Amino acid sequence: MTKPQTGGSSETRLRFLGTGTSAGVPMIGCGCETCKSTNEKDRRTRCSALVSWSDGAGTRNVLVDTSTDLRMQSLQAGLNKIDAVLFTHPHADHINGLDELRSFNFIQKSVIPCYGSDYTFSRIRTMFDYIFNGDQGGGAIPQISLHPIDGRFTLFGRDIIPLPVKHGTMDVFGYRFGPIAYITDCNHVPETNLEQIKGVKLLIPGAIQTSFH
């Protein structure tokens, strides 16, 4: 996808920041053909995406998950502004880069709103307790606000539709942004969600093992 710009079209655009597995590609200690490959397309960081659109205040950059590799992804993408974060679920490869949001706080001098399920935020509060318990002492912490969601909501003038799907036995969120639906880390999309997906121009499902019923 094209690199997000700082003005212009109100069209919704999505950029893949990372498309690798939870271990990344190449994986530590793996000698398979893909992990030994010298092709740059076989070097993939952990899953994350950037969705962008313009409103009256300019281009909005909405990050989907704070990948373990968020720092390098941001540098490679030339990303210097994040207006909000949407979390799909609290597995380590999708949230372990959360502390990197500090850099965007320094630049923007503002709190970054984060959206996700109650369960995701309960895990984030446990895994990143220093952000919330006030005993960090020295050093900066990410300035974020947590906004639990369980249905459609509006973000910077755009309707966002959470799409509950299954990741193993875990309930996780995919998201629909107008004509784009992004569903990662899932093995089953319930029939009740097919109506929510209908009519999209771009559907991005997890490509390892996904079923639509």
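This is a predicted model: local features need pLDDT of at least 70, side-chain atom pairs count only at pLDDT 80 or more; totals for chains, interfaces and linings use all residues.
T66 belongs to the loop that runs between β3 (58-64) and α1 (70-77). Is T66 buried or exposed? With a relative accessible area of 0%, T66 counts as buried because that value is under the 20% cut-off. Leaving aside residues up to four places away in sequence, T66 touches V85, F87, H94, I95, N96, G97, L98 and L101.

Helix α4 is next. The buried residues of α4 (residues 118-127) are T120, F121 and I124. Why do they end up on the same side of α4? Because they cover an arc of only 95° around the axis. As a rule, an α-helix has 3.6 residues a turn, so residues three or four places apart point the same way.

| Element | Residues |
|---|---|
| α2 | 92-95 |
| β5 | 112-116 |
| α5 | 129-132 |
| β6 | 144-148 |

Now for a sheet. Its 5 strands run in the order β7-β8-β9-β10-β11, and the sheet is open with mixed pairing. Which strands are at the edges? They are β7 (153-155) and β11 (202-205), each of which pairs on one side only. On average, neighbouring strands in this sheet are turned by 30° against each other, direction ignored.

Within the sheet, β8 (residues 158-167) and β9 (residues 170-177) make an antiparallel pair over 8 bridges. Across from I160 you'll find F177 in β9.

How values were computed. Residues are numbered from 1 along each chain as its sequence is written. Side-chain values use heavy atoms; hydrogens and water are left out. Helices (H or I, at least four residues) and strands (E, at least two) are DSSP runs, numbered from the N terminus. Buried means under 20% relative accessible area, exposed over 50%, partly exposed in between (1.4 Å probe, protein chains only). Contact means heavy atoms within 4.5 Å. Two strands pair if DSSP finds at least two bridges between them. Axes are lines fitted to C-alpha atoms, for helices over the stretch in contact, and angles run from 0 to 180 degrees between N-to-C directions. The arc is that of the directions from the helix axis to the C-beta atoms.
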